[in-house]
Amino acid sequence: MNDVEFSDAVETVLRDLRAQCAVQPDVRSDDTIGITLWAPDGSGQGLTPHPDGTAAELLVHLADQVQDWAVEALWSEGLSAVWPQCPTHPDTHPLTATVRTDAAVWVCPKRGTTVARIGELKTH
């Protein structure tokens, strides 16, 4: 995977974060560290590419990392540490990133139903 594919995949996942997360990162990129998400409390988390695999597997790998960042950032701000919210079970559990039929999607872990493709969550 090249840098452009990685950057595009990161942008896809960040669309979901912008659509549904109350805490937004300061996204910084540089040649030595790569892409880092910074929270309002000053903590940061670097995003790493999937060493190999399909484009869908890369999106799921990045979505898991962004989800970890979001949960910590929300908790740090005293907010519900659930992201992305399951539309059927709000504030109960987050959606889970997975690959289904060669597509990266968010699913409800209780019902196993697909909610949206990664990058296509609707704004609340």
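Helix α2 has 22 residues, which at 1.5 Å a residue should span 32 Å, and its end C-alpha atoms are 32 Å apart, so the two values agree. The expected span here is 1.5 Å times one less than the number of residues. Helices (H or I, at least four residues) and strands (E, at least two) are DSSP runs, numbered from the N terminus. This is a predicted model, in which local features need pLDDT of at least 70, side-chain atom pairs count only at pLDDT 80 or more, and totals for chains, interfaces and linings use all residues. Residues are numbered from 1 along each chain as its sequence is written, and side-chain values use heavy atoms, with hydrogens and water left out.

**Sheet β1-β2-β3**

- Three strands form an open antiparallel sheet in the order β1-β2-β3; two strands pair if DSSP finds at least two bridges between them.
- β1 (26–30) and β3 (44–47) are the edge strands, each pairing on one side only.
- From one strand to the next, the twist averages 25°.
- Strand β2 (residues 34–38) pairs with β3 in the antiparallel sense over four bridges, and Trp-38 has Gly-44 in β3 as its bridge partner.

**Sheet β4-β5-β6**

- A further open sheet has three strands in the order β4-β5-β6, with antiparallel pairing.
- Its edge strands, β4 and β6 (114–117), each pair on one side only.
- On average, neighbouring strands of this sheet are turned by 40° against each other, direction ignored.
- β4 (residues 96–100) and β5 (residues 103–107) are joined by five bridges in the antiparallel sense, and Thr-98 has Val-105 in β5 as its bridge partner.
- Two residues lie between the strands in the hairpin of β4 and β5, where Thr-101 has a positive phi near 50°.
- β5 pairs with β6 over three bridges, again in the antiparallel sense, and Val-107 stands opposite Thr-114 in β6.

**Helices on the sheets**

- Helix α1 (residues 3–20) lies across β1, β2 and β3 and runs at about 20° to β2.
- Helix α2 (residues 55–76) packs on that sheet and touches β2 and β3, its direction making about 180° with that of β3.
- Contact means heavy atoms within 4.5 Å; axes are lines fitted to C-alpha atoms, for helices over the stretch in contact, and angles run from 0 to 180 degrees between N-to-C directions.

**Backbone details**

- Most residues other than glycine have a negative phi, and most peptide bonds are trans.
- Asp-91, a residue other than glycine, has a positive phi near 60°, and Asp-91 is found in the loop between α2 and β4.
- Pro-84 is also in the loop between α2 and β4, and the peptide bond from Trp-83 to Pro-84 is cis, with omega near -10°.
- Gly-78, which follows α2, has a positive phi near 80°.

**Largest pocket**

- The largest pocket holds about 190 Å³ of space.
- A pocket, on a 1 Å grid over the protein atoms alone with a 1.4 Å probe, is an open set with protein on both sides within 12 Å along at least five of seven lines, and lining residues have an atom within 4 Å of a point.
- Grid points are joined across faces, edges and corners, and a volume is the space filled by probe spheres set on the points.
- Eleven residues line the largest pocket, and those closest to its centre are Asp-3, Phe-6, Ser-7, Gly-34 and Ile-35.
- α1 gives the most to the lining, with three residues.
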